[in-house]
Amino acid sequence: GVFSFGDAQFFGSTGGIHLNAPVVAMTSTRDGGGYYLVARDGGVFSFGDAEFHGSTGYLRLNAPVVGMAATPNGDGYWLVAADGGIFSFSAPFLGGMGGTRLNRPVVGITADPAGRGYRLVAADGGIFSFGAPFYGSLGGTTISGPIRTMSASLDGNGYYLMGNDGALYAFGDAPYLGRVVP
């Protein structure tokens, strides 16, 4: 189900549909007039002005899909699996970590707002940049809990990582705004 707050509009959801796998991520269109949902099997669901470009819902994957990012120009999107495999749909493939032994699974992806590429984040805070500039990572650092997600700064010259425990880590020009309190 999708719940909208503030000025975010509701365009639909998969709440009343029997899915083959649960929804694991969501991303909006550039203009905010729509959004995508992606399921663990890579099934993509488009709402509002979000254009469907394909999915992996019909494929047998080596690892489940854990994240999705729309291209900044709105012409396509990327899906990322826990093994770091990237699936590009009307978006440039710039590389991935599929087939590489990782210390911890990939848990998210973010598109670079400047259109230079994308970044992946692993549960240990390791960052893998493809086209997008690298500003540091937590890989090899002791952290208070696993990383759950990441977000790019507005201009793409930085990013945030957030842990399951609410810890927030800022890199590049992303200002540190404090810890998320549950």
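This is a predicted model: local features need pLDDT of at least 70, side-chain atom pairs count only at pLDDT 80 or more; totals for chains, interfaces and linings use all residues.
**Entry 1: Thr-71 and its surroundings**

Leaving aside neighbours within four places in sequence, I found Thr-71 in contact with Gly-76, Tyr-77, Trp-78 and Ala-91. I then checked where Thr-71 sits: its place is in the loop between β4 (65-70) and β5 (77-81).

Is Thr-71 buried or exposed? Its relative accessibility is 8%, so I noted Thr-71 as buried, since the cut-off for buried is under 20%. I also looked at its side chain, where a polar atom lies 3.1 Å from the backbone nitrogen of Asp-75.

**Entry 2: the largest pocket**

Next I turned to pockets. The largest one has a volume of about 650 Å³. Its lining counts 30 residues, and the closest to the pocket centre are Thr-27, Met-68, Ile-109, Thr-110 and Met-150.

Which strands each supply at least two residues of this lining? I wrote down β1 (23-28), β4, β7 (106-111), β10 (147-152) and β11 (158-163). Sorted by class, the lining of the largest pocket holds 17 nonpolar, ten polar and three charged residues.

**Entry 3: the second largest pocket**

The second largest pocket holds about 250 Å³ of space. Here 14 residues form the lining, with Ala-8, Gln-9, Ser-28, Gly-32 and Tyr-35 the closest to the centre. I found β1 and β2 (34-39) each supplying at least two lining residues; β1 gives the most, with three. By class I have seven nonpolar, six polar and one charged in the lining of the second largest pocket.

**Entry 4: strand β8**

My last stop was β8 (residues 118-122). How many of its five residues are buried? Five of the five are, so β8 is largely enclosed by the rest of the structure.

Then I followed the partners of β8. β7 runs antiparallel to β8 and is joined to it by five bridges, with Val-106 opposite Ala-122. The hairpin of β7 and β8 has six residues between the strands, and there Gly-115 takes a positive phi near 80°.

With β9 (residues 127-130), β8 pairs in the antiparallel sense over three bridges, and I saw Leu-120 opposite Phe-128. These two strands form a hairpin with four residues between them, and Gly-125 in the turn has a positive phi of about 90°.

Methods
Residues are numbered from 1 along each chain as its sequence is written. Side-chain values use heavy atoms; hydrogens and water are left out. Buried means under 20% relative accessible area, exposed over 50%, partly exposed in between (1.4 Å probe, protein chains only). A polar contact is a pair of N or O atoms within 3.5 Å; within protein, one must be able to donate a hydrogen and the other to accept it, and residues adjacent in sequence count only if both atoms are side-chain atoms. Contact means heavy atoms within 4.5 Å. On a 1 Å grid over the protein atoms alone, a cavity is a set of points where a 1.4 Å probe fits but cannot get out, and a pocket is an open set with protein on both sides within 12 Å along at least five of seven lines; lining residues have an atom within 4 Å of a point. Grid points are joined across faces, edges and corners, and a volume is the space filled by probe spheres set on the points. Ala, Val, Leu, Ile, Met, Phe, Trp, Tyr, Cys and Pro count as nonpolar, Asp, Glu, Lys and Arg as charged, and the others, Gly among them, as polar. Two strands pair if DSSP finds at least two bridges between them.
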